[in-house]
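Hi there,

Here is the structure I promised to pass on. Please open it alongside this email, and my notes on what I found follow just below.

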Amino acid sequence: MAEVVLEVRDLDKRFGGVHAVRDVSFDVHAGECVVLAGDNGAGKSTVIKMISGVYDPTAGEVRFQGKVLTGQTPHAVRESGIETIYQDLALADNLDAGLNLYLGRERSRRFLGLPFVDRRSMREDAIDVLQRLGIAIPDPGAPVRDLSGGQRQAIALARAIHWKAKLVILDEPTAALGVPEQREVMALIERMKSEGVAIILISHNLPDIFAAGDRIVVLTRGAVAGVRRPSETDDEEIVRLMLGGSA
């Protein structure tokens, strides 16, 4: 069994009188994709925001590589090796792949004693990482707004790989993508798993859930309704659990 990278224990979150998350617990191992499945309002986003440091839990604890993560800032969580990729991807549309790879961490060099952004080396790094992931960008110098949705998603994932993330959280990565691009994203997830990266995939898309997941944690009304392996369940049971029905 691969090492446990993330431990989520009894997470609870209240917003005033709203009990958004109730006693959620699960583990994620290196090279494993755990799917958080559930309908809108099930608590998926709240759980990942507690893991990524956006929210402090009302109760419970998150441990990453054996160390308590609860109470740390999003920046500290990211620096520890957890990368969260939201649906908006946090890419700068006017910049190329290399500059997006180093966004907020730009590489510089000096010329005649003055600092300059080293665009060339950052672009070369981006090409190397994308090739490693099996993704071809026709023009690495083009602004990312000119790229397809699948290519943009690939750049966001390449950034996580480049900065040596041990855990990547993907929030509905195939939303608004065509079928070929959805397949590209699923292939990227498999490549990341093969490199030992742990993944949490947030989705309510059944094909994605069964294609990528090693385990499925179903949330309903903020609580865990069930945990299943794809080989031990089917679409009907997962939908029943998502809708709050009996297994």
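Before we get to strand partners, one definition: two strands are said to pair if DSSP finds at least two bridges between them. Please also keep in mind that this is a predicted model.

Strand S10 covers residues 198-203 and runs parallel to S3, with five bridges joining the two. Strand S11 covers residues 215-220; four bridges join S3 to S11, and this pair is parallel too.

S11 and S12 form a hairpin with two residues between them, and Arg221 in the turn has a positive phi of about 50°.

**The four-stranded sheet**

Elsewhere you will find an open sheet of four strands in the order S2-S1-S4-S5, with antiparallel pairing. Its edge strands are S2 (18-29) and S5 (67-68), each of which pairs on one side only. S5 is joined to strand S4, residues 59-64, by two bridges, and these strands run antiparallel. If you want a pair to click on, the bridge partner of Arg63 in S5 is Val68.

**Helix H1**

Helix H1, residues 44-51, is mostly covered, with six of its eight residues buried. Those buried residues are Lys44, Thr46, Val47, Ile48, Met50 and Ile51. Just after H1, Gly53 takes a positive phi of about 90°.

**Helix H5 and its two contacts**

Helix H5 (residues 149-162) is worth a look from both sides, starting with helix H6 (residues 179-194): their axes come within 9 Å and cross at roughly 15°. Angles under 35 degrees count as roughly parallel, and H5 and H6 are therefore roughly parallel to each other. Their crossing is right-handed. On the H5 side the contact is made by Gly149, Gly150, Gln153, Ala154, Leu157 and Ile161, and on the H6 side by Glu181, Glu184, Val185, Leu188 and Met192. Sorted by class, that contact has six nonpolar, three polar and two charged residues.

How do H4 and H5 lie, roughly parallel or roughly perpendicular to each other? The axes of helix H4 (residues 119-132) and H5 come within 9 Å and cross at roughly 100°, and the two helices are therefore roughly perpendicular. H4 brings Asp125, Val129, Leu130 and Arg132 to the contact, and H5 brings Ala154, Ile155, Ala158, Ile161 and His162. By class, this contact has six nonpolar, one polar and two charged residues. Ala154 and Ile161 of H5 are listed in the contact with H6 and again in the contact with H4.

Happy to talk any of this through once you have had a look.

Best wishes

How values were computed. Residues are numbered from 1 along each chain as its sequence is written. This is a predicted model: local features need pLDDT of at least 70, side-chain atom pairs count only at pLDDT 80 or more; totals for chains, interfaces and linings use all residues. Side-chain values use heavy atoms; hydrogens and water are left out. Axes are lines fitted to C-alpha atoms, for helices over the stretch in contact, and angles run from 0 to 180 degrees between N-to-C directions. Angles under 35 degrees count as roughly parallel, over 145 as roughly antiparallel, 65 to 115 as roughly perpendicular and the rest as oblique. A crossing is left-handed if the near helix is turned anticlockwise from the far one by less than a right angle, and right-handed if clockwise. Contact means heavy atoms within 4.5 Å. Ala, Val, Leu, Ile, Met, Phe, Trp, Tyr, Cys and Pro count as nonpolar, Asp, Glu, Lys and Arg as charged, and the others, Gly among them, as polar. Buried means under 20% relative accessible area, exposed over 50%, partly exposed in between (1.4 Å probe, protein chains only).
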